[in-house]
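Biologist: I would like to learn how to read the packing of helices in a model, step by step. Could you take me through one example slowly?

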Amino acid sequence: GHLHSAQALRAFLAGDQATSYRELTAATEGFERAGDLRNAVEHMAAAGFALLELGCMERAEAILRRTIE
């Protein structure tokens, strides 16, 4: 989870939202497997916002709604 989180940040800072989204998704999955729900939800929300930046509004909405359930 943490490695993917760092890679997502690096991609974000480089302006590569697609890679940032992929890394945030991988981080979310890793945190979920580890049972770390706080970090999983935090990274899921960030992935949703990355999708907004990419113009994928429907997918972003679905992910963001999951974070508040």
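Biologist: How are α1 and α2 oriented to each other, roughly parallel or roughly antiparallel?

Modeller: Before I answer, please keep in mind that this is a predicted model, in which local features need pLDDT of at least 70 and side-chain atom pairs count only at pLDDT 80 or more, while totals for chains, interfaces and linings use all residues. Residues are numbered from 1 along each chain as its sequence is written, and side-chain values use heavy atoms, with hydrogens and water left out. In general, two packed helices are described by the angle between their axes and the distance between the axes. Here the axes are lines fitted to C-alpha atoms, for helices over the stretch in contact, and the angles run from 0 to 180 degrees between N-to-C directions. Helices are DSSP runs (H or I, at least four residues), numbered from the N terminus. The axes of helix α1 (residues 2-13) and helix α2 (residues 17-34) come within 8 Å and cross at roughly 165 degrees. Angles over 145 degrees count as roughly antiparallel, and α1 and α2 are therefore roughly antiparallel to each other.

Biologist: What is the handedness of the crossing in which α1 passes α2, and which residues make the contact?

Modeller: A crossing is left-handed if the near helix is turned anticlockwise from the far one by less than a right angle, and right-handed if clockwise. By that rule, α1 passes α2 in a left-handed crossing. Contact means heavy atoms within 4.5 Å, and among the residues that make it are His2, Ala8 and Phe12 of α1, together with Leu24, Ala27 and Phe31 of α2. The residues of this contact divide into seven nonpolar, seven polar and one charged, where Ala, Val, Leu, Ile, Met, Phe, Trp, Tyr, Cys and Pro count as nonpolar, Asp, Glu, Lys and Arg as charged, and the others, Gly among them, as polar.

Biologist: How far does α2 reach from its first C-alpha to its last, and which of its residues are buried?

Modeller: The expected span of a helix is 1.5 Å times one less than its number of residues. With 18 residues, α2 reaches 25 Å from its first C-alpha to its last, which is close to the 26 Å expected. For burial, buried means under 20% relative accessible area, exposed over 50%, and partly exposed in between (1.4 Å probe, protein chains only). The buried residues of α2 include Tyr21, Leu24, Thr28 and Phe31, and the buried residues of this helix pack against α1, α3 and α4. An α-helix has 3.6 residues a turn, so residues three or four places apart point the same way. After α2 comes Gly35, whose phi is positive, near 80 degrees.

Biologist: At what angle do α2 and α3 pack?

Modeller: The angle is about 160 degrees, with the axes of α2 and α3 8 Å apart. That makes α2 roughly antiparallel to α3, and the crossing of these two helices is left-handed. Their contact includes Tyr21 and Thr28 of α2 and His43, Met44 and Ala47 of α3, and its residues divide into twelve nonpolar, five polar and two charged.

Biologist: Is Asn39 buried or exposed, and what is Asn39 in contact with?

Modeller: Asn39 has its place in helix α3 and is buried, with a relative accessible area of 10%. Leaving aside its neighbours within four places in sequence, Asn39 is in contact with His2 and Phe31. The buried residues of α3 also include Ala40, His43 and Leu51, and the buried residues of this helix pack against α1, α2 and α4. Just after α3, Gly55 takes a positive phi of about 85 degrees.

Biologist: At roughly what angle do the axes of α3 and α4 cross?

Modeller: The axes of α3 (residues 37-54) and α4 (residues 57-67) cross at roughly 160 degrees and come within 8 Å. That makes α3 roughly antiparallel to α4, and their crossing is left-handed. Val41 and Phe49 of α3 and Ile63 and Leu64 of α4 are among the residues in contact, and the residues of this contact divide into ten nonpolar, two polar and two charged.

Biologist: How accessible are Leu13 and Glu61?

Modeller: Leu13, which lies in helix α1, is exposed, with a relative accessible area of 66%. Glu61 lies in helix α4 and counts as partly exposed at 40% relative accessibility.

Definitions and conventions. Angles under 35 degrees count as roughly parallel, over 145 as roughly antiparallel, 65 to 115 as roughly perpendicular and the rest as oblique.
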